[in-house]
Amino acid sequence: MKAIIQQLVETAAPSGYETAMRELVRSLAAPYADSIEVDTLGNLVVRKGSRQDGGLRIMVAAHMDEIGILASYIDEKGFVRFTRNGGVRAANCLGGRVRFLNGVQGIIGSEKLDNPEKTPTFEQLFIDVGATSRDDCPVKTGDVAVFERPFLDLGKRLVAKALDDRVGVAVMLDVLSKLKDTPHEVLFVFTVQEEVGTRGAIAAAYHLEPEIGLSVDVTLTGDTPRGSKMEVELGKGPAIKIRDAGMLSDPRIIRWMNDTAAHENIPTQREILEGGSTDARSIQISRAGVPVGSLSIPCRYVHSPSEMVDFSDVQHASALLLALLGRPVSLEQEG
């Protein structure tokens, strides 16, 4: 999967501008799909299998978009002021390089700070694209950019921008290619605009009416010096989400995922995420409600230009998702 992950992260697709990513994913999915459609909002829906005895309609979602920035004002000397398109943090911006969708590149600088020890605010940041005036600036208000970073293969660890959630997209593509027999109608949904409010999943879940929903996304880790207090580490397997800031996983889904992982000898971790959520939040509350869960890939430095995952976690996530989709599901009621 490494080559596919590199191809995915090197394709620019900020929220609302996922066309290039959608066409790439479509080309990679087409040889294995029973059917492919694009809905009005731009979600790519890939169908595999038909419902048999013991089968259900299962929606599996990973988002195609990445965080980015929007040019908001060009000053008289050609410096570009900007605002966030998704969860960009000012602390991760200074000195960063960006590429606009029109190909223009630039570097993020800051006004002189009264206290250089303090993180600058977005109002103090600007992008220098080499222009000398507003007239010769190749960027206009409303132009969109993403961070520019090379893909690094460190052996066990992979580093890149946009691993959130191109690594989830890669897992779903890998499972799609290997899923030869399933009792379910599986809807692999590659969603848009997750980073600005899980908007694509709202529309897709309403339209598709799944009976089970799963998101495949990254999660934070607690394994860096003085890091977050959470029991998720790189290299110890994908995490089965218990809750995050936007949803509670259905206990029947948690049990199904745990039991399947144990049966297949796949290492997993348990995830409690205090901030943030995934497409599962929107799937869960669609129409009359959907039982959902989330398969999370541990990721350091989330929403920075250099995110990091362990490749064994990616492989184990793929193996678990394949096992989940390959056999009947019985969701007995549980209090």
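This is a predicted model: local features need pLDDT of at least 70, side-chain atom pairs count only at pLDDT 80 or more; totals for chains, interfaces and linings use all residues.
**Cores**

I started with the largest nonpolar core, which has 56 residues. Within it, Ile5, Phe188, Phe190 and Leu321 touch the most other members. I then looked up which element gives this core its largest share: helix 3, residues 163–178, with nine residues.

**Helix 1 on helix 3**

Next I went to helix 1, residues 2–9, where it packs on helix 3. The angle is about 135° and the axes are 9 Å apart. Angles over 145 degrees would count as roughly antiparallel, so I logged this pair as oblique. The crossing of helix 1 past helix 3 is right-handed.

From helix 1, I listed Ile4, Ile5, Leu8 and Val9 at the contact; from helix 3, Leu163, Arg166, Val167, Val169, Ala170 and Leu173. By class I have nine nonpolar residues, no polar ones and one charged.

**Helix 2 on helix 3**

Helix 2, residues 19–29, also packs on helix 3, here at about 20° with the axes 10 Å apart. Under 35 degrees counts as roughly parallel, so that is how I wrote down helix 2 and helix 3. This crossing is right-handed too.

Helix 2 brings Met21, Val25, Leu28 and Ala29, and these meet Arg166, Val169, Leu173 and Leu176 of helix 3. My class tally for this contact is seven nonpolar, no polar and one charged. Arg166 was on my list for helix 1, and Arg166 turns up again for helix 2.

I checked the peptide bonds and stopped at Asp164 to Asp165, which is cis with omega near 10°. Asp165 sits in helix 3.

Gln193 has phi near 55° and lies in the loop between strand 12 (185–191) and helix 4 (199–208). Is Gln193 buried or exposed? Its relative accessible area is 16%, and under 20% counts as buried, so I put Gln193 down as buried.

Glu209 has phi near 50°, again positive in a residue other than glycine. I located Glu209 in the loop between helix 4 and strand 13 (212–219).

Conventions:
Residues are numbered from 1 along each chain as its sequence is written. Side-chain values use heavy atoms; hydrogens and water are left out. A nonpolar core is a set of buried Ala, Val, Leu, Ile, Met, Phe, Trp, Tyr and Cys residues joined through side-chain atoms within 4.5 Å. Buried means under 20% relative accessible area, exposed over 50%, partly exposed in between (1.4 Å probe, protein chains only). Helices (H or I, at least four residues) and strands (E, at least two) are DSSP runs, numbered from the N terminus. Axes are lines fitted to C-alpha atoms, for helices over the stretch in contact, and angles run from 0 to 180 degrees between N-to-C directions. Angles under 35 degrees count as roughly parallel, over 145 as roughly antiparallel, 65 to 115 as roughly perpendicular and the rest as oblique. A crossing is left-handed if the near helix is turned anticlockwise from the far one by less than a right angle, and right-handed if clockwise. Contact means heavy atoms within 4.5 Å. Ala, Val, Leu, Ile, Met, Phe, Trp, Tyr, Cys and Pro count as nonpolar, Asp, Glu, Lys and Arg as charged, and the others, Gly among them, as polar.
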